[in-house]
Amino acid sequence: MKINFLLLGTSLSLIPNLINAQCVATTDCATLGYTEKSCPDGKGLKCPFGTTFACPASDKSVCEKYGFKYTCTGTGYAGGVGQSCNKQYESCTCTSGYEWKDGKCEKEKLKPILGQCTGYAKNCSIGQILNSDGTCSNDKVSGKTPIGVVVYISGGSDKCGYAMTASPIGNYMQWSTEYVTTGAFLSYNWQNAIKDFDVSGNMTKIIQAGNASTYPAAYAALNYAPSAAPTSKGKWMLPTAGILNSLYMNLNAINNTISKLGGTQLTGDKEHIWSSSEYANYYDAWVFCTGSNHGARQGGVDYYNKASDGSSFVVRPVIAF
């Protein structure tokens, strides 16, 4: 009798409302104290009228002892995973933009993607190396392969970055073999031209206007891909006049990094890099220029005939990251 009494007492202690349940006609499990989907280690009493349980203790420390540590509430939480103990779970699911890491839902870290502006560029600076995995570094890093030099990072929340090849990918390049405007940016004024940063928009209009024969510079950029990042093909573009201005304004830092990569430094106005920005007529486009008579007084840009094909007319494409 004493043993039975003790067992009965232990069972009753699991569910405070069970004594009251003997006096009222109810079959509602929650009302009777059976509020949990399951109990740690299978301990507890199952409701005779349903599938829920009354657990030995609902104290937080006891739940945590059995692995039920997380309430899964607050910013970034979508809910709990699996069964609960005292409304605590073994792990949580997170809302979009958050990830489960180290026992909590944290904001997903920005990841660099070649050809896309993910905001990762806020971690970089002009003059750094862009590696094939989309990360930036001040110097060469073991296990990473450089593919360009950061020449521009936009303001605002998007923080879009652009990196340029350390050497030209094509010399004696013509911008176009026909004299028409493509619908890309147009301006007579260099001060307006250096405000053009519509890299993708300009490039799309030029490509749609013709083929590799009529627009060799743009198609050279389009078809370029370094061996370290073959999937970047189709994502390289002609820089805009605005990006060439940024190149000019940060030339010392950029040349220093080009030297680290064994590329061709931009010195002595030896290269006129084609941009995707057109001069406001049928014949000319803006190029990178450091000559004292023109480019040096115009933010590093000048305009030249689209059909120019001398050795100084080159393509150095850029890629977004």
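This is a predicted model: local features need pLDDT of at least 70, side-chain atom pairs count only at pLDDT 80 or more; totals for chains, interfaces and linings use all residues.
In strand S12, the bridge partner of Val-150 is Ala-163, and that pair is where I would like to start this morning. Residues are numbered from 1 along each chain as its sequence is written, and side-chain values use heavy atoms, with hydrogens and water left out.

When I say strand, I mean a DSSP run of E with at least two residues, and a helix is a run of H or I with at least four, both numbered from the N terminus; two strands pair if DSSP finds at least two bridges between them.

Strands S11 and S12 run antiparallel and are joined by 4 bridges. On another pairing of S11, strand S9 (residues 129-131) is joined to it by 3 bridges, again antiparallel, and here Ile-129 stands opposite Val-149. These strands belong to an open sheet of 6 strands, with antiparallel pairing and the order S10-S9-S11-S12-S19-S14. Strand S10 (136-137) and strand S14 (236-237) each have a single partner strand, so one side of each is left without a neighbour in the sheet. Helix H8 (residues 241-249) packs on this sheet, touching S11 (146-153), S12 (161-164) and S19, where contact means heavy atoms within 4.5 Å. The direction of H8 makes about 100° with that of S11, the axes being lines fitted to C-alpha atoms, for helices over the stretch in contact, and the angles running from 0 to 180 degrees between N-to-C directions.

How enclosed is S11 by the rest of the structure? Since 7 of its 8 residues are buried, S11 is largely enclosed; buried means under 20% relative accessible area, exposed over 50%, and partly exposed in between, with a 1.4 Å probe and protein chains only.

Let me turn to strand S16 (residues 284-288), where 5 of 5 residues are buried. In a regular strand the side chains alternate between the two faces of the sheet. In S16 both faces are covered, with Asp-284, Trp-286 and Phe-288 on one side and Ala-285 and Val-287 on the other. S16 runs antiparallel to strand S17 (residues 301-305), to which 5 bridges join it, and Trp-286 stands opposite Tyr-303 in S17. Strand S15 (residues 272-279) is also antiparallel to S16, through 2 bridges, and a hairpin of 4 residues joins S15 to S16.
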